[in-house]
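Please keep the structure in view while reading.

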Amino acid sequence: MTDLTHYRNIGIFAHVDAGKTTTTERILKLTGKIHKIGEVHDGAATTDFMDQEQERGITIQSAATTCEWNDHRLNIIDTPGHVDFTIEVYRSLKVLDGGVGVFCASGGVEPQSETNWRYANESEVARIIFVNKMDRMGADFMRVVDQIKNVLGANPLVMTLPIGAEDEFSGVVDLLTRKAWVWDGSGDPTKYTVSDVPDDMKDDVETYREKLIESALDYDDDAMEKYLEGEEPDMETIKKCIRTGTIALGFFPTYCGSAFKNKGVQLVLDAVVDYLPNPTEVKPQPEVDLEGNETGEKAIVDPNKPLRALAFKIMDDRFGALTFVRIYSGILAKGTTILNTFTGKTERIGRIVEMHADERKELDSAQAGDIVAVVGMNNVQTGHTLCDPKNPATLEPMVFPDPVISIAITPKDKSASEKMGIALNKMVKEDPSFHVETDEESGDNILKGMGELHLDIKIDILKRTHGVDVTVGKPQVAYRETITKAIEDSYTHKKQSGGAGQFGKIDFLLEPGELGSGFQFESKVTGGNVPREFWPAIEKGFRNSMGTGVLAGFPCLDVKVTLLDGAFHAVDSSAVAFEIAAKAAYRQSIPKAAPQLIEPIMKVDVFTADDHVGDVIGDLNRRRGMIKSQEPGTTAVRIKADVPLSEMFGYIGDLRTMTSGRGQFSMEFSHYAPCPANVSEEVIKEVRAKEEAAKK
């Protein structure tokens, strides 16, 4: 059995272009996993192995790799930074024990860093921070440390100080040991010297070292008492306290360096081993029943317990379908049979492989704490639990956001049509935030995703990876409908057709629900006028009808239905009769409740230089945007706004034109809000025109 205390399951996450993939490359080089460093901008990074990643210089899907450092095994996942792929970050954080948050020393805390940090907080993942790109123009370590405090509300524990900055950046001072690590200019990460602290930095080093020790000793009362009496604790005690505080999320050890120039990465690796938790030190995963309620049981990380594993990623490559699995307890062995609690079916484990980006190493078995991939599991999807058939249990599943944008695609010829069906099926399995539907009227395939870039890349994968040529329609916004007025109404369903008939009468109140509440149903029937066994059928009738609104056929949101009274017939009433009554009642009453079209509003974050702020704000106002705040930074101004998604198509091109290519932005779904009348009329007219065209 492997010693689990020597395992570290970590993820590297950050904003786009903060240097995650570059940092991963340096880690692989230092741990001896690769011998030649590949650069992102050359399209040669190990973990960016998709064509689309190499061309665009961004990470699209999280890549897993394993390496060794100081007798510790590191399972590392390099995650994407772009907001359209946050789903990859979310599901990676769900199965990791620790993380490295990478921030750019000149860009600081950028919009996507906030989203990823929020996900990590929700998943309660311990983190260390690496402030990268200290060699860049405008690099300022202390400014980023302040932003981490103020913007993220986090508590950074400064562990190193930079020696110089921008062109002058040559190394770092390790505060604990009071030693300066200085690299030569050769770019070789192993060519450095460890010497005394430069004279001009001694005062700063002592100040920050004192803060560091005081923060750490909060986690050991005895040591703190001695320290206050003038006795400094030994290195082992300080490190133990830092580890305790890091795992408790009390603070985040913060390092600086330049991954591209190979400076400072060793200290980050040491910190991963010293301060991030091993699989046994993390809160065990709660087990839930089939309805999703916690059972009180936990999946304790122990190879001797029954098998509990979570499939967190599906990937299709030249060797077939790969299912990435995090094992929480027990052992997963080749040739054994496991149960998928979601489908209720058993599957046999064929090949188990340890991943190194897109290369693999065959294994006979894997145990609690491991992250491995299983080849050829056909019925497993993201979030499914794999367990011992004799001891079934379900782990807490993952929740994914709904897509906000869609496009229609049609295959160019008949042969492409069959290939497209197979390819789309594989792509939906790989990415839970990507949905595919067929438009019943036009027969088009509708692709739904999280943003323009998300769908753009899906089309690219269809064309190049799967060889399917398609025609792409205009992007469509996922509008929704709701009601704005409460209405009491009644409906009677009566049908007599020889033999037993159908009868169901319902009196109900239809009213607008709370924002974001979806569909709610309540019954206030007393005295048995509508027997209790028919209530679920009435709820089902209304719930199923909510999928199609009366204005333009978009799903109806935030509606509450209260069943007030009704009547039944001892012979003719049935669940089916009441379900039909509820469906007809919906069609009859929604038009009377002042239905309204609502549109997705996006939280937009724009970074731009001072001299373009006026243009950017003016443009956002023209797009019906509501400016929320303006925050000046040293290199750029950050503008936060809420803007309707329908006005944001093609925004990146316009922003680049306005800001001479220097502006950047990110956006994510915020909430739904009512459409102005003119927009609403236009959308309804467009939908009707499409329906007419489809009939012809």
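Two strands are taken to pair if DSSP finds at least two bridges between them. The model is predicted, and the points below should be read with that in mind.

**Strand β34 and its partners**
- Strand β34 (residues 595-608) is largely enclosed by the rest of the structure, because 11 of its 14 residues are buried.
- With strand β36 (residues 637-644), β34 runs antiparallel and is joined by 8 bridges, and M602 stands opposite V643 in β36.
- Strand β37 (residues 664-674) pairs with β34 in the antiparallel sense over 10 bridges, with Y672 in β37 as the bridge partner of P600.
- Strand β29 (residues 480-483) also pairs with β34 in the antiparallel sense, over 4 bridges, and the bridge partner of R480 in β34 is I598.

**Contact of helices α12 and α13**
- The axes of helix α12 (residues 535-545) and helix α13 (residues 575-589) come within 7 Å and cross at roughly 35°, and the crossing is right-handed.
- Residues of α12 including I538 and F542 meet residues of α13 including F578 and Y586, and the residues of this contact divide into 8 nonpolar, 3 polar and 3 charged.

**Residue D135**
- D135 lies in the loop between β5 (126-132) and α5 (141-150), and its relative accessible area of 18% falls under the 20% cut-off, so D135 counts as buried.
- The side chain of D135 makes a polar contact with the side chain of K261 (3.4 Å), and, leaving aside residues up to four places away in sequence, D135 touches E166, D167, F169, S258 and K261.

Definitions and conventions:
Residues numbered from 1 in each chain as written. Predicted model: local features only at pLDDT ≥ 70, side-chain atom pairs only at ≥ 80, totals over all residues. Heavy atoms only, no water. Axes fitted to C-alpha atoms, helices over the stretch in contact; angles between N-to-C directions. Helix = DSSP H or I, 4+ residues; strand = E, 2+ residues; numbered from the N terminus. Left-handed = near helix turned anticlockwise from the far one by under 90°. Contact = heavy atoms within 4.5 Å. Nonpolar A, V, L, I, M, F, W, Y, C, P; charged D, E, K, R; others polar. Buried < 20%, exposed > 50% of the residue type's maximum accessible area, 1.4 Å probe, protein only. Polar contact = N/O pair within 3.5 Å; in protein donor to acceptor, adjacent residues only side chain to side chain.
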